[in-house]
Amino acid sequence: MKFANKLFLAMTALLTIMFALFGIWMLSSDFSQLLNKEIEQGNQENNMFQFLFEMGYQSTAEFGEEYAVSRTLNSISGSVERGGSRMFVVGEDGTCFYGSDYLRDMGFEQEVSALTSALDAASTYGYCVRRIHDGYYMFTVAMADIASGNVYLGMCRDLTAIYNDRQNLLSRYRIALVCLLLAGGVCIYIMAQYITRPIRSLDKLAGKIADGDFALRSHNEARDEIGELARNFNRMADRLVEQMQKKVLEAKQKEDFTAAFAHELKTPLTSIIGYADMLNSLKLTEEECSEAYFYIYSQGKRLESLSHKLLELVSMDKSPLTSKPISTKELEQNIRITMRPIWKNRGVRGKVDLEKATIQGDGELLLSLFYNLLDNAVKALDKGEKSFILMKGTCMDGFYEFKVVDNGRGIPAEEISRITEAFYMVDKSRSRKEGGAGIGMALCQKIIQLHNGTMNVESRLGEGTVIKVLFPRMDSRTKRKKA
């Protein structure tokens, strides 16, 4: 069952129960007040009957008991029997002095007998309301003394009219309730459809997105819970699309990685197989054999270097990071000693200037990071007196910045975001000529991530490249803790 129908049925049931209970309470309350009023009036009539009887009886008692009772009842009947009330008088032995025909015709003897039998010296007055045949009647009885004993002065009041009025009110209320429920049901149905319309719209939107239309979003900007649900739905859809795009990109990167890896293997293996076949099938001169041996060795070393870098790239996340305090001056000395002969061989002016500080990390990985960055800078330079490389270290607020600057060929702006992908090379022919495989920057990115650092690359074609690496500075944290 749809939510709108459930809401409609629930609201209709609630409305029915509320109005039914309210109507029953209202009618019962009004009827109780009216019935109490009738009972009070009946009691007053009986009190008046008793008062008139006792006054009339005393004034005629000297003429005898039978005459006094008869004369008194005849004289007061006109005053007592008004508004449909009828009086009756019964003796202790059951003899009816007045109203016997009325009691017999109406069939009230049993009720009157039961009521008079319940009275005694402690309780000289009583009343009851009974349904007899199709009518409702109120009986009141009071005990009075005469010379021969006690007599019971009674009144019978017809209450059938107020009960009929109650029944008529109930019938009219049922009709009104049905009409109200019909009108209310229509209003509730319209309201339920209106309230659930955003939910139905969101459901249709979810179906379309599930069918592949990922650009759709909800435009519900309401400030209620449904509006909040729509906004969270949009966030979920954005996140799903983002994750899907990420998965697609990862799949493409894996595909590119596999293709590049196969290509990188194919080139040296082709050379090795070709030269090995020449040595095996042809008679070569000593110089040609030496050249073939050199190519086989150099390509084998290239494959060895490639396998080591791949192994390092794959296992880096799995191996725990050996972190310890490292002085930047020690890094500067190691880098300068290692890079000086390479710069001299390439005819490049190089300089390493690291401001004194302490950082936390793995010394071997950090040296590998800077060697790769400086090696890429060397490969980007052309031989000449104007070629230079600068590695600069600067203390910043809470961080230490390493900056590698060269005035080489630069990197196209659209390719900067891809230089950290494995096997990606900006200039493939030159990279292979220089002995590169496109893994160095991927290793650099991994090392930087393991040290909670960040890398920023700025480059212009024909002008050079600036690579900035930021690491948290250990001595800065120590100072803050002491302060």
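**Helix packing and nonpolar cores in a predicted model**

In the predicted model, Phe49, Leu52, Phe53, Gly56, Tyr57 and Thr60 of α1 meet Glu65, Tyr67, Ala68, Val69, Arg71, Thr72, Leu73, Ile76, Ser79 and Val80 of α2. Contact means heavy atoms within 4.5 Å. Helices (H or I, at least four residues) and strands (E, at least two) are DSSP runs, numbered from the N terminus. Helix α2 spans residues 65-80, and its axis lies 8 Å from that of α1 at an angle of about 140°. Axes are lines fitted to C-alpha atoms, for helices over the stretch in contact, and angles run from 0 to 180 degrees between N-to-C directions. This angle makes α1 oblique to α2. Angles under 35 degrees count as roughly parallel, over 145 as roughly antiparallel, 65 to 115 as roughly perpendicular and the rest as oblique. The crossing of α1 over α2 is right-handed. A crossing is left-handed if the near helix is turned anticlockwise from the far one by less than a right angle, and right-handed if clockwise.

Residues are numbered from 1 along each chain as its sequence is written. Local features need pLDDT of at least 70, side-chain atom pairs count only at pLDDT 80 or more, totals for chains, interfaces and linings use all residues, and side-chain values use heavy atoms, with hydrogens and water left out.

The chain holds twelve helices and twelve strands. Of its 483 residues, 36% count as buried. Buried means under 20% relative accessible area, exposed over 50%, and partly exposed in between (1.4 Å probe, protein chains only). Among contacts between residues at least 6 apart in sequence, 65% join residues at least 24 apart.

Asn46 belongs to helix α1, which covers residues 3-60. Its relative accessibility is 0%, so Asn46 counts as buried. Beyond neighbours within four places in sequence, Asn46 contacts Tyr125, Thr140, Val141, Ala142, Leu153, Gly154 and Met155.

The largest nonpolar core has 36 residues. A nonpolar core is a set of buried Ala, Val, Leu, Ile, Met, Phe, Trp, Tyr and Cys residues joined through side-chain atoms within 4.5 Å. Leu369, Phe370, Leu373, Met391 and Phe402 have the most contacts inside this largest core. At least two core residues come from each of α8 (328-346), β7 (349-354), α9 (363-379), β9 (388-395), β10 (399-406), α11 (440-450) and β12 (464-472). Helix α9 supplies the largest share of this core, nine residues. Apart from this core lies another, of 16 residues, including Phe88, Tyr102, Phe108 and Tyr152. In soluble globular proteins, nonpolar side chains tend to be buried together.

Leu369 touches Cys444, Ile447, Ile448 and Phe471, with residues up to four places away in sequence not counted. In α11, the buried residues are Gly440, Met441, Ala442, Leu443, Cys444, Ile447 and Ile448.

Helices α8 and α9 also pack together. Their axes come within 11 Å and cross at roughly 25°. The two helices are therefore roughly parallel. Here too, the crossing is right-handed. From α8, Leu331, Asn334, Ile335, Thr338, Met339, Ile342, Trp343 and Arg346 meet Leu367, Phe370, Tyr371, Leu374, Asp375 and Val378 of α9.

Thr394 sits in strand β9. With a relative accessible area of 27%, Thr394 is partly exposed. Its contacts, leaving aside neighbours within four places in sequence, are Glu355, Phe399, Tyr400 and Glu401. Asp353 is 41 residues from Thr394 along the chain, and their C-alpha atoms are separated by 8.9 Å.

Most residues other than glycine have a negative phi. His133, not a glycine, has a positive phi of about 60°. The loop containing His133 runs between β3 (125-132) and β4 (135-146). His133 is exposed, with a relative accessible area of 66%. Just after α11, Asn452 takes a positive phi of about 60°. Asn452 lies in the loop between α11 and β11 (454-460). At 63% relative accessible area, Asn452 is exposed.

Zero disulfides are found in a search of the whole structure. A disulfide is a pair of cysteine sulfur atoms within 2.5 Å. Cys179 is partly exposed, with a relative accessible area of 47%. Cys187, at 52% relative accessibility, counts as exposed.
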